[in-house]
Amino acid sequence: MTAVEANADGLIGPTHSYAGLSPGNLASGRNKGDASNPRAAVLQGLQKMKRLADLGLPQFVLPPHERPDIPFLRTLGFTGSDARALEQAWKDAPAFAAAACSASPMWAANAATVTPSADSADGRVHFTPANLVTNLHRSLEHAQTKRSLQALFQHPDHHAVHDALPSVAHLADEGAANHVRLCADHGEPGVNLLVWGRDAFQAWDGPFPARQTRQASEAVARRHGASGVVLAQQSRAAIAGGTFHNDVVCVGALDTLFHHDLAFEDTAATHAAIRAAAQGFEPIFVQVSSADLPLADAISSYLFNSMLVRLPGEDRLTLICPVETQENPRAHAVAQSLAASNGSIGRVEYVDVRQSMRNGGGPACLRLRVVLTEAELDAVYDPMRMNDELFGVLNDWAGEHYRDRLTAADLADPALLVETRSALDSLTAILDLGGSFYPFQRT
Ligand code: SUG
């Protein structure tokens, strides 16, 4: 079966801000309180989507969520008009108010775990939205994420969108950021490497949260009927150093797994398990040593939080890195040596997603990869597909609706609530999502 790898990127929302909400994500902590530029952020994300579409890979858009999340604030007892509930929440419970304003659904690698039809028991593509329970602001995402995925992947013969796992710490799930699929070709059965940080039934004593439990990874694989599953423990040292998702130190595509030597607790066992599960191909491990690239540089440069793609007509893979990789001499040297080698990664390109990077979200965080056969791709909802026309329309839309500067104080501004709703109203029209896609449109 032939298949392609499509990307669905989170469109960056109008409340994009630096609120320091994610312990263990060093960039989030470092930039806390800085002014953001939501307009620049969304334009950078759009540019990346356009680039991928131009390179010949199917590209889709996942709409931002309704933020501020007034329904969430109402569950906490804030009442009155929407503006009043928001204002009161910022006064009485600023941490909850900040969570309700976060544009974090932009990081679509955390939207869901995806099992392509070549690996699923019933021959459909399966999606489980991630419950993201480890961080308050991210735990608010999964219901709307499910709605977005159902809008995009709506054909019951081809696509199955599940509920998130129950929102409990035992089943903490961060989605595709902790999943790598290796295979001979996209449409062939693959190895599904699921990387977990902690065991739900053992005490966790690391300095930062381990966001994915082994039990969550197992449950997702089980409900998708996934084959070729390999479970691997994320290294404790990597988490302690600021690797809040495995995709900060590891990326893979087709036969190639590119990772830092501190990615896994037991690298030799992980490689052996992948080799044993691989059908019809010999996995290639491209491992970067701490001597060549200390973990701190891997994290600040986001070399591994890159998109590893095979472009149409090319044999070797292209690594699409953030510009921060180019600016870090050690990471840049590694990237240069990859491109100069005769290995499976033949080319390195750079994209500017600096606004997202300052919250710890690189090119790989912004996209959800979905392997689709021709029939499955034909069944995807076309109005959400990126092309020249949609790119132009969304650029104009962002220019009209987004601010170019946002501070913490601005998030409490009731005018921002009105602006974001007006932006989302016009977005649902652009993407043909009907008049009840967002909670505020249903009341
Ligand atoms: O979950 N940052 C996100 C970044 C997600 C990156 N995704 C992947 N690695 N796949 C997070 O930590 C920061 C928001 C703030 O601090 O305002 C934030 O949520």
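## A tour of cavities, cores and salt bridges

About 310 Å³ of space lies in the largest cavity, a cavity being a set of points, on a 1 Å grid over the protein atoms alone, where a 1.4 Å probe fits but cannot get out. The model is predicted, with local features needing pLDDT of at least 70 and side-chain atom pairs counting only at pLDDT 80 or more, while totals for chains, interfaces and linings use all residues. Residues are numbered from 1 along each chain as its sequence is written, and side-chain values use heavy atoms, with hydrogens and water left out.

**The largest cavity.** Select Glu-5, His-179, Val-180, Arg-181 and Arg-369, which are the closest to the cavity's centre among the 24 residues that line it; a lining residue has an atom within 4 Å of a point. The volume is the space filled by probe spheres set on the points, which are joined across faces, edges and corners. Next, colour strand 15 (367–373), which supplies at least two residues of this lining, as do strand 6 (179–182) and strand 9 (250–253); strands (E, at least two residues) and helices (H or I, at least four) are DSSP runs, numbered from the N terminus. The largest share, five residues, comes from strand 15. By class, the lining of the largest cavity has 15 nonpolar, four polar and five charged residues, where Ala, Val, Leu, Ile, Met, Phe, Trp, Tyr, Cys and Pro count as nonpolar, Asp, Glu, Lys and Arg as charged, and the others, Gly among them, as polar.

**The second largest cavity.** Move to Ser-22, Ser-104, Trp-107, His-137 and Asn-359, which lie nearest the centre of the second largest cavity, out of 26 lining residues. Its volume is about 230 Å³, and its lining divides into 10 nonpolar, 14 polar and two charged residues. Helix 5 (94–101) and helix 6 (136–139) each supply at least two residues of this lining.

**The nonpolar cores.** Now select Leu-11, Leu-152, Leu-193, Leu-257, Leu-368 and Leu-394, which have the most contacts inside the largest nonpolar core, a set of 72 residues. Such a core consists of buried Ala, Val, Leu, Ile, Met, Phe, Trp, Tyr and Cys residues joined through side-chain atoms within 4.5 Å, and buried means under 20% relative accessible area, exposed over 50%, and partly exposed in between (1.4 Å probe, protein chains only). Helix 16 (residues 388–401) gives the most to this core, with five residues. Apart from this core lies another, of 23 residues, including Val-251, Leu-293, Phe-304 and Leu-317. Back at Leu-152, and leaving aside its neighbours within four places in sequence, show its contacts (heavy atoms within 4.5 Å) with Ala-8, Phe-60, Leu-62, Ala-379, Val-380, Tyr-381 and Met-384.

**The salt bridges.** The count comes to 26 salt bridges, each a side-chain nitrogen of Lys or Arg within 4 Å of a carboxyl oxygen of Asp or Glu. Select Asp-82 and Arg-421, whose side chains meet in a salt bridge (2.8 Å, N to O). Asp-82 lies in helix 4 (residues 82–92) and Arg-421 in helix 18 (residues 414–430), so the pair ties together parts that are 339 residues apart in sequence. Asp-82 is partly exposed at 25% relative accessibility, whereas Arg-421 is buried, with a relative accessible area of 17%. Go on to Arg-211 and Glu-174, which form a salt bridge with their closest N and O atoms 3.2 Å apart, and both of which are buried.

Methods:
On a 1 Å grid over the protein atoms alone, a cavity is a set of points where a 1.4 Å probe fits but cannot get out, and a pocket is an open set with protein on both sides within 12 Å along at least five of seven lines; lining residues have an atom within 4 Å of a point.
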